[in-house]
Amino acid sequence: MFEKIWNDHLVTENSGSSIIYIDRHLIHEVTSPQAFESLRLTNRKVRRPEATFATMDHNVSTRSRDMDFADPISAIQMKTLIKNCKENKITLYDLTNPDQGIIHVIAPELGLTHPGMTIVCGDSHTSTHGAFGALAFGIGTSEVEHVLATQTLVQQKPKTMEIRVEGKLLPHVTPKDIVLAIIGKIGTDGATGFVIEFTGEAIRSLSMEGRMTVCNMSIEAGARAGFIAPDETTFNYIKGKDHAPKENFDMFVKKWASYVTDPGATFDKTIVLKAEDIPPMVTWGTSPGQVVGVIDVVPNPNSATDPTVKKSIEGALAYMGLQAGQKITDITLNKVFIGSCTNSRIEDLRIAASTVKGKKVSSKVTAIVVPGSGRVKRQAEAEGLDKIFVEAGFEWRNPGCSMCLAMNDDVLSPGDRCASTSNRNFEGRQGKGGRTHLVGPAMAAAAAIEGKFVDIRYWS
Amino acid sequence: MKAFTTLNGVAAILDKANVDTDQIIPKQFLRKIERSGFGVHLFHDWRFLDDAGTKPNPEFILNQPRYQGANILLARDNFGCGSSREHAPWALEDYGFRSIIAPSYADIFYNNCFKNGMLPIVLPSEQVDELFKYVDSTPNAKLEIDLMSQVVKAGNGKSYSFDVDSFRKDCLYRGLDDIGLTLENEKSITSFEKQRRSKFRKCLKENKGK
């Protein structure tokens, strides 16, 4: 399947480096300004403005839709994006647009993501779009400029890895747990140099939103990209979306359906997991690979044979303020964040809302829910989810990246401990000295009520 | 882009695996719209005791007098993982590092280095270990990197050869502009676009004929 997409986009090849055509380019306020500036300096033009779509998400405030509500430097970045998009005739979903939101949430829901496409963005979580059977990956700002100027990228062909998740998930186990279990198994560099194809019954039975959660965190395993072959679930999701093909939809489906891996195709590497072995997962450390099941304990550095690993565990425990052998369910929290490009879609909010319905957030916890887009927000409000959250004591915010990377006004304070549905638990990621535990939406919601982690499977 | 031919200088060591781009350049410094001036914020949360960056943390290795002026960074596995922010190589380069030596890198970071005249060198863990020991135990330890012959020479006479993709090597060695190079293939890109459009039209026609 990867080969098919690659070959379909190969413009030319030269001693191991290939020029690959890019179908869809997504941009945001943080990693694009220098690319536009450089285009101006070199007197180059945007080759195909209609192939690029923009939003502002990273440093917008989720408390206000006023650009100036954020700090003045962030406001300059947003205004620069508006200016660049206007000058170059690029469609922008800014804060005045009802469909603004996190780039990896809005592009699929607007129907901009199709199977077989090459999709890039100056953001590592571009791998999300692989859920549709697209080859989607994050790039740096120089490459953003390269795509704007040439609609292509120079790439070295990656290796392929199959990650097969066999069988059925247990009740209360979510797509987030699958991907955390995968990263726990192969490590944060387990897939470096590879593109991952996720296969198996447990993957196949996921909704599009679940698939997006899994592909979103491929980058946390080091992968260049992660994808899932398209099927009826994919086609049904795309049908009727704003930018989906209308008149000739069946013709597109026929083409899209050809992006499957032929039986007997070989991968450079294959990893197999059994879905029934996956419990709700919780990260205890400062890297997404430092993760265990909720019933487990914080590991002991002395159990590591490799001195670098031992040092990493010791460093993580010191930063996280945890003891080896401590039960995950004994970890108390004071912050809960439900949101991010990993887990801020309507199904995530439904599961979180159903978890907290009729309950109250612990008096020791401050909890926020940040829908991924204007559309998710409106849908949630139409279903009354916002009321459930607010009555339980959550803050109900406007769309944005929010506390996932804390480039905005949603930031942890030193010593805060947060259950977060986002994708990175790096030191200081959510705020200097802040401690992040990555979990799925139901686990985060239950943790907000109890003020500590609970095993969602046995909690009522 | 600045060309990279040979580099001779002081190496600093950062003995930590999985150093992520959030550590290399924390997010509060990504709000600028320029490419320059990120070096003062490199490793900010480790390097400084205060938010303003006025009190250097004496414990942090790059603050040690012996590593001042270092232009080569010795690092561990999976260096530069996490966010795609090119601000990470911008910060390293602006601080003074032109080359990094580590057993492995995250893909996007690795790629971003080459776009900024920097050479990320991959050596086997054992060799990186040897270099760590050499630099750590030798005052004023120096390394010499020669891109053309793909060799790192340590001051103790040992040398280590490394691999690098020939296209990237050529671009870096000659300081070539990537976009300019791709635009030399303008005709191929245009004909690729034309071919796709005609394929699509053919498909539409067949579909309508049904």
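**Entry 1: a hairpin in chain A.** I began with strand 1 and strand 2 of chain A, which form a hairpin with two residues between them. A:Ser15, in the turn, has a positive phi of about 35°. The model is predicted: local features need pLDDT of at least 70, side-chain atom pairs count only at pLDDT 80 or more, and totals for chains, interfaces and linings use all residues. Residues are numbered from 1 along each chain as its sequence is written, and chains are lettered from A and ligands numbered from 1 in the order in which they are written.

Strand 1 covers residues 10–14 of chain A and strand 2 residues 17–21; they pair in the antiparallel sense over four bridges. Pairing requires that DSSP finds at least two bridges between two strands. I noted that A:Glu13 stands opposite A:Ser18 in strand 2 of chain A. Helices (H or I, at least four residues) and strands (E, at least two) are DSSP runs, numbered from the N terminus.

**Entry 2: helix 12 and helix 15 of chain A.** I looked up how helix 12 (residues 346–356) of chain A packs on helix 15 (residues 441–450) of chain A: the angle is about 30° and the axes are 8 Å apart. That makes the two helices of chain A roughly parallel, a term for angles under 35 degrees. Axes are lines fitted to C-alpha atoms, for helices over the stretch in contact, and angles run from 0 to 180 degrees between N-to-C directions.

From helix 12 of chain A, A:Asp348, A:Ile351, A:Ala352, A:Thr355 and A:Val356 take part. The residues they meet in helix 15 of chain A include A:Pro441, A:Ala445 and A:Ile449. Contact means C-beta atoms, placed from the backbone, within 7 Å. I sorted the residues of this contact into 10 nonpolar, one polar and one charged. Ala, Val, Leu, Ile, Met, Phe, Trp, Tyr, Cys and Pro count as nonpolar, Asp, Glu, Lys and Arg as charged, and the others, Gly among them, as polar.

**Entry 3: chain B against chain A.** The contact takes 43 residues from chain B and 55 from chain A. On the side of chain B that touches chain A, helix 8 of chain B gives the largest share, six residues. I found 14 nonpolar, 14 polar and 15 charged residues on that side of chain B.

**Entry 4: helix 3 of chain B.** Seven of the nine residues of helix 3 (residues 87–95) of chain B are buried, so this helix is largely enclosed by the rest of the structure. Buried means 20 or more other C-beta atoms within 10 Å of the residue's own, with C-beta atoms placed from the backbone. Among the buried residues are B:His87, B:Trp90 and B:Glu93. Their cover includes helix 1 and helix 4 of chain B. Just after helix 3 of chain B, B:Gly96 takes a positive phi of about 135°.

Methods:
Angles under 35 degrees count as roughly parallel, over 145 as roughly antiparallel, 65 to 115 as roughly perpendicular and the rest as oblique. Two residues are in contact if their C-beta atoms, placed from the backbone, lie within 7 Å. A residue is buried if 20 or more other C-beta atoms lie within 10 Å of its own, exposed if 12 or fewer, and partly exposed in between; C-beta atoms are placed from the backbone.
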